[in-house]
Amino acid sequence: MTTTATTPLDLLRTRARDVVTRRRDDVLALSHQLHADPELAYEEHRSARRITDLVEAAGFAVTRGVCDLPTAFTATAGSGDLVIGICAEYDALPGIGHACGHNVNGAASVTAALALAPLADELGITVKLLGTPAEESGGGKVDMLRGGAFDDVAAAMMVHAAPSDSVGMSSLAISSWKVGYTGRSAHAAAMPERGVNAADAMMIAQVAIAAYRQQMRPGAVVSGVVTSGGEAANVIPAHTAADYDCRAGTSEELRELQARIRACFEAGALATGAELALEAVGNDYADLRQDLVMGRSYLAAARALGRDVKAEDPSIRGGSTDMGNVSHHVPTIHPLIGYDAGDTIMHNPEFTRYGTTPQADRAVLDGGLAMAWTALDLALTPEHRQALLDRLKTRALYRDPSGPESS
């Protein structure tokens, strides 16, 4: 007869799993409540309260309204020198609710934090749950980086809902703009010479952007929609407006793209005499840089739970997230946690319908436990732990005395 030795990691994994089993009903109820009551960026008051009430009752020390953001929070357990940051998202999309699965994301992060809290002092870690608002629009994590919420965090993690599991892929850097032209209205037939056509300014800018696409770096994307273009065919439009996004493979490439696209909009103003107003919407999002060591730990943990997880090439990029900004300063993972969503994908109204299915519930529990097991591996493996602590000591702080960074 052969026997299998039980390691300290095995025993701690079992204890973490036991916590998840005990708290199963609480975290799944949270996921369903978030799903049923979607709130938009920076307005997630009820969502943040539901999460903080739950973890505060579990013994976490909660600070609400951190970094001057009413719907941001931190909740900590333990007092070890290795601070594990677990990011909870809970904002929704206008009109289509949790079509990106942030109810699953947020509840999975709470699950991980609850699983780790009873083990924190034994592991010599501090569990830090960070409530990060406005991922869909605005970038709450960037605000919290600037505000110092991540200054003590040695490793950051979260999982994101998706139709399938994967770990390791990157994301595109993105910036969003509101574009407006102001001209002068006039009768289009009786006195057109008195008008300054704001619609023409927008058209010239769009043509310039279309012409520039041939020279864009591979992977760059410029997308936009005209939200106001005039009201009557016989009146030269005095005002036009549009929303535009620029995406690129890296933050450096994004800045290059922004300069060229700005020039296209300026060309519209120069050619017509209209006045250009270009306003940044929220924070720029950086490209995601996933930590390879943490990614391998998560991959092993998720597969040990029976999940079919694909290890992606880091050169593969998809979507954009403000977790990218975190990853430029803190070792980070952002795996996708999958559940059946039919033929649809995120940001589609149909995806919302699948957010409280049994498979989505399993994603909450498995995603949370896989993150907890990843944290156990980081804390118990001496070389991983020391590497994280060394990086924490030596990394440049996000804050700049001359002002906040914008990446």
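This is a predicted model: local features need pLDDT of at least 70, side-chain atom pairs count only at pLDDT 80 or more; totals for chains, interfaces and linings use all residues.
Two residues are in contact when heavy atoms of theirs lie within 4.5 Å. Leaving aside residues up to four places away in sequence, S31 touches N103, V104, A107, G355 and V364. Buried means under 20% relative accessible area, and S31, at 0%, therefore counts as buried.

Two packed helices are described by the angle between their axes and the distance between the axes. For helix 2 and helix 4, the axes come within 8 Å and cross at roughly 155°. Because angles over 145 degrees count as roughly antiparallel, helix 2 is roughly antiparallel to helix 4. The crossing of helix 2 past helix 4 is right-handed. Helix 2 contributes V27, L30, S31, L34 and H35 to the contact, while helix 4 contributes N103, V104, A107, V110, T111 and L114. Sorted by class, this contact of helix 2 with helix 4 comprises 7 nonpolar and 4 polar residues, with no charged residues.

Helix 4 (residues 102-116) also packs against helix 1 (residues 8-22); their axes come within 8 Å and cross at roughly 125°. Helix 1 and helix 4 are therefore oblique to each other. Helix 1 passes helix 4 in a right-handed crossing. On the side of helix 1 the contact is formed by A16, V19 and V20, and on the side of helix 4 by T111, L114 and A115. The classes in the contact of helix 1 with helix 4 are 5 nonpolar, 1 polar and no charged residues.

Elsewhere in the chain, 4 strands form an open sheet in the order 9-10-8-11, with antiparallel pairing. Strand 9 (221-228) and strand 11 (275-280) stand at the edges; each has a single partner strand, so one side of each is left without a neighbour in the sheet. On average, neighbouring strands of this sheet are turned by 20° against each other, direction ignored. Between strand 9 and strand 10 (residues 239-248), the antiparallel pairing extends over 7 bridges. Within this part of the sheet, G224 stands opposite Y244 of strand 10.

Two helices lie across the sheet strands. Helix 7 (residues 198-212) lies across strand 8 (173-182), strand 9 and strand 10, and runs at about 20° to strand 10. Helix 8 (residues 251-272) lies across strand 8, strand 9, strand 10 and strand 11, running at about 10° to strand 8.

Several loop residues complete the picture. Y42 sits in the loop between helix 2 and helix 3 (45-57), and has a positive phi of about 65° although it is not a glycine. With a relative accessible area of 26%, Y42 is partly exposed. A134, in the loop between strand 4 (125-131) and helix 6 (140-146), likewise has a positive phi, near 60°, in a residue other than glycine. At 0% relative accessibility, A134 counts as buried.

H329 belongs to the loop between helix 10 (323-327) and strand 13 (332-333). The relative accessible area of H329 is 15%, so H329 is buried. In sequence, H329 and A155 are 174 residues apart, whereas their C-alpha atoms are 9.8 Å apart in space.

Technical notes
Residues are numbered from 1 along each chain as its sequence is written. Side-chain values use heavy atoms; hydrogens and water are left out. Buried means under 20% relative accessible area, exposed over 50%, partly exposed in between (1.4 Å probe, protein chains only). Two strands pair if DSSP finds at least two bridges between them. Axes are lines fitted to C-alpha atoms, for helices over the stretch in contact, and angles run from 0 to 180 degrees between N-to-C directions. Angles under 35 degrees count as roughly parallel, over 145 as roughly antiparallel, 65 to 115 as roughly perpendicular and the rest as oblique. A crossing is left-handed if the near helix is turned anticlockwise from the far one by less than a right angle, and right-handed if clockwise. Ala, Val, Leu, Ile, Met, Phe, Trp, Tyr, Cys and Pro count as nonpolar, Asp, Glu, Lys and Arg as charged, and the others, Gly among them, as polar.
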